Amino acid sequence: MIVPRRHAAGLTPVACRSAAGAAESLAYFEVGNLARLLERLKERQVRIAGTALHERSASLFDYAPPAGLAVVMGAEGEGLRRLTLEGCDDLLAIPMAGDVQSLNVSVATGVVLFHVRARLEPAAGLG
C-alpha cells in the first residue's frame, strides 16, 4: 500500500485495530509525490488504473486487469487529484444501483481488489 505523505489519514492505531491484523502483513509506504511515483511505475511497465466517476470511466466489471497493475483509489468526496487522474491509464467506476453514486473508500477498495484478484487468479476459487 502506497499513500501520499500529505492529505491522507495514515496508518493510525485505530486503523490498525480496524484492519484486524491485516495491517501487519501489508507493506506500507508514504510518498511525497504520488503523480511522480505513477510516472516511475509506468516506466517499469506497470499499468495504472484509478477509480473515478469520470466520462472516461469504464465499468469495473467489464475490465480485464493486466498483470502488473497498480490501483489508485481517490479520497472520499474529492476523488482523485488532477495530476493523479491524468496519470492513470485506465479509469474505473463501480456500477451502482439507485441514487447512490459511490461507496466509502474502504468498501470501494475491497470491491476493486476482490474483482482484480478474481480476474487475475480464477483458480483461487474467487471468480
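Is D89 buried, partly exposed or exposed? D89 is partly exposed, with a relative accessible area of 27%. Buried means under 20% relative accessible area, exposed over 50%, and partly exposed in between, with a 1.4 Å probe and protein chains only.

**Before you click**

This is a predicted model: local features need pLDDT of at least 70, side-chain atom pairs count only at pLDDT 80 or more, and totals for chains, interfaces and linings use all residues. Residues are numbered from 1 along each chain as its sequence is written, and side-chain values use heavy atoms, with hydrogens and water left out.

**Stop 1: D89 and K42**

D89 lies in the loop between α3 (82-86) and β6, and K42 in helix α2 (residues 34-43), so the pair ties together parts that are 47 residues apart in sequence. K42 counts as partly exposed, at 31% relative accessibility. A salt bridge here is a side-chain nitrogen of Lys or Arg within 4 Å of a carboxyl oxygen of Asp or Glu. Side chains of opposite charge can pair when their charged atoms come close. The structure holds 4 salt bridges. Helices (H or I, at least four residues) and strands (E, at least two) are DSSP runs, numbered from the N terminus.

**Stop 2: C88**

Select C88, in the loop between α3 and β6. C88 is buried, with a relative accessible area of 4%. C88 touches K42, I48, A49, G50, R56 and L80, not counting residues up to four places away in sequence. Contact means heavy atoms within 4.5 Å. C88 and A35 are 53 residues apart in sequence, yet 9.3 Å apart in space, C-alpha to C-alpha.

**Stop 3: helix α3**

Select R82 and E86. They form a salt bridge, with the closest N and O atoms 3.1 Å apart. Both lie in helix α3, 4 residues apart, about one turn of the helix. R82 is exposed, at 54% relative accessible area. Then pick T84, also found in helix α3. T84 counts as buried, at 8% relative accessibility. T84 touches L34, L38 and V72, again leaving out residues up to four places away in sequence.

**Stop 4: the sheet**

Switch to cartoon view. Which order do the 4 strands of the open sheet take? The order is β4-β6-β3-β5, and the pairing is parallel. Two strands pair if DSSP finds at least two bridges between them. β4 (58-59) and β5 (69-72) stand at the edges, each with a single partner strand, so one side of each is left without a neighbour in the sheet.

Zoom in on β6. β4 pairs with β6 in the parallel sense over 2 bridges. The bridge partner of A58 is L92, and that of S59 is A93. Strand β3 (residues 47-51) is joined to β6 by 3 bridges, also parallel. There, T51 stands opposite L92.

Now show the side chains of β6. In a regular strand the side chains alternate between the two faces of the sheet. Both faces of β6 are covered: D90 and L92 on one side, and L91 and A93 on the other, are all buried.

**Stop 5: R47 and D90**

Stay on the sheet and select R47 with D90. Their side chains meet in a salt bridge, 2.8 Å from N to O. R47 lies in strand β3 and D90 in strand β6, so the pair ties together parts that are 43 residues apart in sequence. R47 is partly exposed, at 36% relative accessible area, whereas D90 is buried, at 14%.

**Stop 6: the second largest pocket**

Select T51, A52, L53, G79 and S102. Of the 23 residues that line the second largest pocket, these are the closest to its centre. The pocket has a volume of about 460 Å³. On a 1 Å grid over the protein atoms alone, a pocket is an open set of points where a 1.4 Å probe fits, with protein on both sides within 12 Å along at least five of seven lines; lining residues have an atom within 4 Å of a point. Grid points are joined across faces, edges and corners, and a volume is the space filled by probe spheres set on the points.

Colour β6 (90-93) and α4 (105-120). Each supplies at least two residues of the lining. By class, the lining has 13 nonpolar, 8 polar and 2 charged residues. Ala, Val, Leu, Ile, Met, Phe, Trp, Tyr, Cys and Pro count as nonpolar, Asp, Glu, Lys and Arg as charged, and the others, Gly among them, as polar.
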